[in-house]
Amino acid sequence: MLCTIAGFAALTLLALTPVIAASTNIDQQRYHYELAKSALKKGDSDAYARHYAKLGDYPLIPYLDYSRLRKDLAKHEAVDIQAFISRYEDSYLAENLRRRYLEHLSAKKQWPDFLYWYDDRLASEAMYCKHLELRANSGDVNAWDELAELWLQSRSLDKACDPVIKAWRNSEYWRDDYAWQRFLLSMEAGQRSLARYCASLLPKSYQNYVKLVQQLDAKPYLIRNHKNYRSPTLDMQQVIGFGIRRYAKQHPLKALEHWQRYESSRIFNTEIINQTKIALVDRLMAKNELEQVHRLLANSPSIRQSDTIEHLLRRYLREQRWADVVAGIQLLPQEKQQSDRWRYWNARASTLLSPTAIEDAQKTYRELAAKRSFYGFLAADYVGVDYELEDADTQLDTAILEALAQKPALRRAKELWLTGRSNEAYAEWYYAMNQLSARELVAAGQLANSWGWYDRAIQAMIAGKQWDELGIRFPLAYKEHVMNAADTTQLEPALIFAVARQESAMRAKAKSPVGARGLMQLMPATARQTAKKQGIPHRTEDLYKPDHNIKLGSLYLDGLLDQYQGNRILAAAAYNAGPHRVKRWRESSDGLPFDVWIETIPFKETRGYVQNVLTYAVIYGYRMGEPGRMITQKEANSLL
């Protein structure tokens, strides 16, 4: 009998409890699951109940329950929603249902229930504003403080926030300074329409400041007329800071000169000083005014941002200004100075500056060589010692693995993954991982590895900080396909493994935001060109097949190695950023040592990519029993 949706509403979770039969075959469960799902879609409650009852302990039962409740939330009682959330609190589905129910209550304007079910983590901005409005109406004054935090940003808020904002502006908790601060934020971000709206909320006493900011936005050079900005108020300080930052976009050296004159004539708020100096540093850096940047950073510890200092250091490295490299490293926070990266470069620069520093540098190299890292391997090459691989298998009690394998959340994740429902599988996995202890994370990684779900196994080891678990972190996945590709191209298998590990963490169906696909993350156009050149039949969807992807990816990588006379540094950079960028970087480098060239690659992603691929190739060589050097003699001797 074909029933209406109302018929489903009458089926409670208890009424639909499946018959548990441990011996039920998983294929039969999958069969009944698909038929139950089809019956639900058609509205056939009898067929649905019949197949549902035969599911036994099938892991994906919550997905049927969720779909049934979601089908028409208005037909279900709150108790049914709560029962599902309580029963499946270990699943992301519980959050999803709560979010959808909250949206339903908001749409129906059922405000008492909305307040009861409300959860900040699940609410949209519109719902958050409604929540604040309801709280404020009930006398909760803390709602106004939370609204102020939401208000102070340089973008427009959801229109649903307008009523509570209007009520706020008419209350005793509104301050004109809120409109002024948002006006400045909007002007700084170039959101002039929003800035005009904020200005319209300001009283007459602020309008002169508004006019000055708008004038400086249009004509930044006006900041040179110091007599126009003599008022000692905090508001005028903000106007001056805005003007200097705006002027610095065009003329950073002149802006610095005028800022120093302003700063010498009055006391500025610390936040304004830091904000303005950081902006000056950024603009001076863009104009390659490195001495001015260094001076500002040296004299102002409060504006020393690691990223900015490291950017400066790479400029020094590119120009091989070794004394400045050593001095610049001292500007970094202590923990950064002690990182493998900057200990290596401090030692490298020091030896080039003074023969007397060689002994200290050798000591640093030996200490670094005891680590499994890009800089550790470089240091090992300098002192001529073997690489330290730090490989260790984590031993877990079998009972832990067995207990974890029976956790409903992991059973769901595994079944979803095995049946090709990747998005839901990953969602279940992420949710489950957040609820595990460090030891359970390791066990989860071992389980995922045994299932062939390599990227989740890798992620679990990282989350559990099991850095030395090389067998799982660097799996020999799809080895047969890798070896075949190596035979075809004469590439080292370790290099193919390294690229696949870096590109996708061994996820066969990976797809990047820009459209790269599969294990070796090939762009469709690149794959088509490579396949055509090699006479290989190809469809874009084939890139999700490990053998096809590895074959084409290896052929493309092999072609890059031919282009760069076997130099893996350049080939890896081109694989990630494209040959055209590598050509441009080489043309502007004027012949740099290989390590300097790698460290000064303009793209942070490509810089890390090259370092990882070279490091991973060493690790995979070790895993395959074929150890090799990270940098060949030819690569080490080349100037890039």
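Trainee: Is N225 buried, partly exposed or exposed?

Mentor: The model is a predicted one. N225 has a relative accessibility of 29%. Buried means under 20% and exposed means over 50%, so N225 counts as partly exposed.

Trainee: How far apart in space are N225 and H258?

Mentor: N225 lies in the loop between α13 (204-218) and α14 (234-248). In sequence, N225 and H258 are 33 residues apart. From C-alpha to C-alpha, their separation in space is 9.6 Å.

Trainee: Which helix supplies the largest share of the lining of the largest cavity?

Mentor: The structure holds one cavity of 30 Å³ or more, and the largest cavity has a volume of about 30 Å³. At least two lining residues come from each of α31 (493-504), α33 (546-563) and α34 (568-577). The largest share is three residues, and the helix that supplies it is α34.

Trainee: How many residues of that lining are charged?

Mentor: The lining consists of L495, V499, L557, L561, R568, A571, A572 and V613. By class, seven of the lining residues are nonpolar and none is polar. Arg counts as charged, and the number of charged residues in the lining is one.

Trainee: Are α33 and α34 roughly parallel, roughly perpendicular or oblique to each other?

Mentor: The axes of α33 and α34 are 9 Å apart, and the two helices pack at an angle of about 130°. α33 passes α34 in a right-handed crossing. Angles over 145 degrees count as roughly antiparallel and those from 65 to 115 as roughly perpendicular; α33 and α34 are therefore oblique.

How values were computed
Residues numbered from 1 in each chain as written. Predicted model: local features only at pLDDT ≥ 70, side-chain atom pairs only at ≥ 80, totals over all residues. Heavy atoms only, no water. 1 Å grid on protein atoms, 1.4 Å probe; cavity = no way out; pocket = protein on both sides within 12 Å on 5 of 7 lines; lining within 4 Å. Points joined across faces, edges and corners; volume = space filled by probe spheres on them. Helix = DSSP H or I, 4+ residues; strand = E, 2+ residues; numbered from the N terminus. Buried < 20%, exposed > 50% of the residue type's maximum accessible area, 1.4 Å probe, protein only. Axes fitted to C-alpha atoms, helices over the stretch in contact; angles between N-to-C directions. Parallel < 35°, antiparallel > 145°, perpendicular 65-115°, else oblique. Left-handed = near helix turned anticlockwise from the far one by under 90°.
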